[in-house]
Amino acid sequence: MGDTLQIRPFNEGDLDACYAISLATGHAGGDASHLYRDPKMMGQIYIAPYALLEPSLTLILEDRDGVAGFVAGAVDTAAWEDRLERDWWPSLRQQYADPVGVPPDKQTADQRRAAMIHHPPATPAEIAERYPAHLHMNLLPRLQRRGAGSLLLETWLAAARTRGARSFHVGVNRTNVGALRFWEAGGFTALIFDRATESRTCWMGRDPGEPQDQDLV
């Protein structure tokens, strides 16, 4: 990669590229563009609020061809979810209808995301308390499996530590095998907690001060 790769702070001119990356990697790591009518729907949840409300913890990965990835997060998940409820979701709820009358198994991809906007699932309390900071990362395929993701991750973790973060978690789609392997290689371990339910989200945590056994039961 050498001098062709740059990690830098987010600026507002990057937002459209971040929306596009969210869509291009939103189907278990693959292209989700065939699933969504609204190409910004994924990004409205997973990158735009971080980029616009917490830009100091939003980093951009860029190569010769342009923006190719991002990482974003917050150091206090509970406070962040409160902030989204106050400052982010209300305007989107005016933009996207609540599909409350449509059974979940009949909802389109857009409707499932709209349901998340109207009824955002809270991070399990056991995880938010023990691993307060969280992050999201997306890379286009051209920079995957080249060490760029690991470099981006460690750069973000270092920035978050300057804000007081010590323990981190991510939520990963269980069907995204490549992402699960990436986070495991990055020191994250699958978490078990006492109110665990069957879902497609695998919660993973990283805390260098704790033993490798990350059981929360």
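Modeller: Buried denotes a relative accessible area under 20%, exposed one over 50%, and partly exposed a value in between, for a 1.4 Å probe and protein chains only. The model is predicted, so local features need pLDDT of at least 70 and side-chain atom pairs pLDDT 80 or more, whereas totals for chains, interfaces and linings use all residues. Residues are numbered from 1 along each chain as its sequence is written, and side-chain values use heavy atoms, without hydrogens and water.

Colleague: What is the relative accessible area of Val-71?

Modeller: Val-71 lies in strand E3, where helices (H or I, at least four residues) and strands (E, at least two) are DSSP runs numbered from the N terminus. Nine of the nine residues of E3 are buried, so the strand is largely enclosed by the rest of the structure. Val-71 itself is in contact (heavy atoms within 4.5 Å) with residues that include Leu-57, Met-137 and Trp-156, neighbours within four places in sequence being left aside. Its relative accessible area is 0%.

Colleague: Which residue stands opposite Val-67 of E3?

Modeller: Strands E2 (residues 58-63) and E3 pair in the antiparallel sense over six bridges; pairing requires at least two DSSP bridges. The two strands form a hairpin with two residues between them. Opposite Val-67 stands Glu-62.

Colleague: Which residue of E4 is the bridge partner of Ala-74?

Modeller: E3 and E4 run antiparallel and are joined by six bridges. In E4, the partner of Ala-74 is His-134.

Colleague: How wide an arc do the buried residues of H4 cover around the axis?

Modeller: Thr-77, Trp-80 and Leu-84 are the residues concerned, buried in helix H4 (residues 77-87). An α-helix has 3.6 residues a turn, so residues three or four places apart point the same way. The arc is taken over the directions from the helix axis to the C-beta atoms.

Colleague: Which exposed residues does the face of H4 turned away from its buried side carry?

Modeller: The buried residues of H4 pack against several elements, among them helix H3 (48-53), strand E3 (66-74) and strand E5 (168-173). The face turned away from them carries two exposed residues, Asp-82 and Arg-86.

Colleague: What is the phi of Gly-187, which follows H9?

Modeller: In helix H9 (residues 177-185), Ala-179, Leu-180 and Trp-183 are buried. Their arc of only 100 degrees puts them on the same side of H9, and the face turned away carries the exposed residues Arg-181, Glu-184 and Ala-185. After H9 comes Gly-187, with a positive phi near 95 degrees.
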